[in-house]
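Please keep the sequence and the structure in view while reading.

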2 protein chains.
Amino acid sequence: MRTEPSTAKGRATVQRVIDAACELFARQGVRATTLDQIGTRSGTGRGQLYLYFAGKSDLVAAVVAQQVERVLDAQRPLLETVSTAADVRAWCTAAEQWYGADDPVRCPIGSLVHELGEQDDAARAALADGFGRWRAVLAAAMDRVRQHDELAADLDPDAAAGALLAAYQGGVLLAGATGDLAALRTALAAFQATALVERSR
Amino acid sequence: MRTEPSTAKGRATVQRVIDAACELFARQGVRATTLDQIGTRSGTGRGQLYLYFAGKSDLVAAVVAQQVERVLDAQRPLLETVSTAADVRAWCTAAEQWYGADDPVRCPIGSLVHELGEQDDAARAALADGFGRWRAVLAAAMDRVRQHDELAADLDPDAAAGALLAAYQGGVLLAGATGDLAALRTALAAFQATALVERSR
DNA sequence: ATAAAAATGTACTGCGCGGTACAAACGAGG
DNA sequence: CCTCGTTTGTACCGCGCAGTACATTTTTAT
């Protein structure tokens with residue numbers, strides 16, 4: 001960020017720009033999105049971009065950070081209440097339904113991994129941090145499942161969180177490639193079938 | 001492919017071009033690779049590209065197909081002999097070691113998913129087909145494991161293959177994002193821990 | 001040996017997009 | 001109501017790269 005806006009109006013504009021960029025990046029990818037599109041979409045010209053951001057990579061870094069917040073915020077309410085195997089199943093079901101029939105199957109965070117330039121250090125760091133935090137939230141949830149004794153014995157919560165996140169990302173990747181959400185369902189179903197132990201109660 | 005080369009020399013050139021493109025795409029991505037680089041790397045100018053290929057997307061499609069063959073060929077010998085849980089573990093270990101310490105962690109196939117243009121239909125189809133075939137080979141292997149009764153009871157071989165592929169792709173994605181292969185190890189380890197049942201014999 | 005075809009190298013063109021400069025409009029103190 | 005800082009809109013520049021044209025060399029066939 002080159003210049004922090006000093007008025008409310010300026011801050012609102014910055015937010016609109018980031019929001020527009022988030023949407024466009026998620027839908028059509030980073031490199032396929034031009035600054036013109038972002039400027040138009042956000043209702044501002046391209047001029048503002050260079051007032052508030054040092055350039056495209058700077059904007060990308062800001063978007064990555066924002067996107068991470070969005071994804072985590074969206075999941076937190078659901079994830080923070082997870083404490084049983086059934087809750088995990090519910091999260092998996094919800095995850096499958098994030099993708100509608102018509103919009104492209106691409107995780108707003110995961111898809112960024114291969115789209116960031118090699119030298120976009122700030123963005124890459126933000127991305128890695130985002131995955132770390134996502135995993136931490138999942139791990140906390142898995143830990144509660146473990147306390148209910150509904151996590152497979154040979155998995156520790158941290159490993160389970162990593163595995164679930166990988167299954168999700170891999171599933172989304174395959175689903176995006178084949179255009180069929182079944183791949184995601186399969187990946188998550190396998191995790192549920194093997195990692196969770198339903199206790200009768 | 002615009003014109004099939006009719007001489008051995010021409011075919012050799014085409015192959016060199018595709019090989020060079022494979023390497024460059026795998027290392028630095030599709031969009032970051034220019035036709036100049038491919039022309040130079042393959043020892044031919046950019047002129048040839050347009051003699052044999054209709055344009056970049058055409059070349060990309062050819063590369064995708066080739067890349068799929070490479071990956072499958074590399075794994076076939078290992079995968080076709082898989083018939084026990086221990087063999088699956090061996091494959092997982094091998095998979096972790098495909099990535100050296102210095103080269104970037106990106107699956108030559110998986111990384112393409114988000115790099116292909118929205119309208120590169122031929123390439124996308126080749127990619128989807130590649131995943132399908134990869135999964136089929138894995139499923140055949142899982143079927144043999146099942147026959148040894150070393151696959152978890154609540155997984156059918158097809159689902160196990162999908163889950164393993166997703167775990168691998170997701171693991172590579174996370175490892176690439178964080179720069180730490182541990183993510184891949186965790187994902188594969190979780191699959192092994194929960195999907196495989198070691199029988200004493 | 002020679003003509004036709006195929007392969008190779010080079011130089012040029014156009015354009016999309018990131019980046020910059022600068023002019024116009026707005027808005028908050030004095 | 002004037003003034004200065006901030007915000008907004010526009011017009012321009014240059015570069016990198018995909019795509020094209022064409023001249024030159026090499027290979028194949030008769």
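## The surfaces near the DNA

Around DNA strand C there are 20 residues, of which Leu35(A), Arg46(A), Tyr50(A), Lys56(A) and Gln48(B) come nearest; a residue is near a strand if one of its heavy atoms lies within 4 Å of it. Of the atoms of DNA strand C that come within 4 Å of the protein, sugar and phosphate account for 67%.

This is a predicted model, in which local features need pLDDT of at least 70, side-chain atom pairs count only at pLDDT 80 or more, and totals for chains, interfaces and linings use all residues. Residues are numbered from 1 along each chain as its sequence is written, chains are lettered from A and ligands numbered from 1 in the order in which they are written, and side-chain values use heavy atoms, with hydrogens and water left out.

DNA strand D likewise has 20 residues around it, and those that come nearest are Gln48(A), Leu35(B), Arg46(B), Tyr50(B) and Lys56(B).

| Residue | Part of the residue | Phosphate oxygen of | Distance |
|---|---|---|---|
| Ser6(B) | backbone N or O atom | DNA strand C | 3.3 Å |
| Thr7(B) | polar side-chain atom | DNA strand C | 3.3 Å |
| Thr13(B) | side-chain N or O atom | DNA strand C | 3.2 Å |
| Ser6(A) | backbone N or O atom | DNA strand D | 3.2 Å |
| Lys9(B) | polar side-chain atom | DNA strand D | 3.2 Å |
| Leu35(B) | polar backbone atom | DNA strand D | 3.0 Å |

Helices (H or I, at least four residues) and strands (E, at least two) are DSSP runs, numbered from the N terminus. H3(B) gives the most to the surface near DNA strand C, with four residues. For DNA strand D, the largest share comes from H3(A), with four residues. Helix H1 (8-28) and helix H3 (47-52) of chain A, together with helix H3 (46-52) of chain B, each supply at least two residues of the surface near DNA strand D.

By class, the surface near DNA strand C has five nonpolar, 11 polar and four charged residues. The surface near DNA strand D also has five nonpolar, 11 polar and four charged residues. Here Ala, Val, Leu, Ile, Met, Phe, Trp, Tyr, Cys and Pro count as nonpolar, Asp, Glu, Lys and Arg as charged, and the others, Gly among them, as polar.

According to the unreviewed UniProt entry, a "DNA-binding region" covers residues 34-53 of chain A; such annotations may be inferred rather than shown by experiment. Over residues 34-53, chain A is 65% helix and 0% strand, with the end C-alpha atoms 15 Å apart.

## The two protein chains

His114(A) lies in the loop between helix H5 (85-96) and helix H6 (121-147) of chain A. Is His114(A) buried or exposed? His114(A) counts as buried because its relative accessibility is 11%; buried means under 20% relative accessible area, exposed over 50%, and partly exposed in between (1.4 Å probe, protein chains only). Leaving aside neighbours within four places in sequence, His114(A) is in contact with Arg106(B), Ser111(B), Glu115(B) and Leu173(B).

Methods: Polar contact = N/O pair within 3.5 Å; in protein donor to acceptor, adjacent residues only side chain to side chain. Contact = heavy atoms within 4.5 Å.
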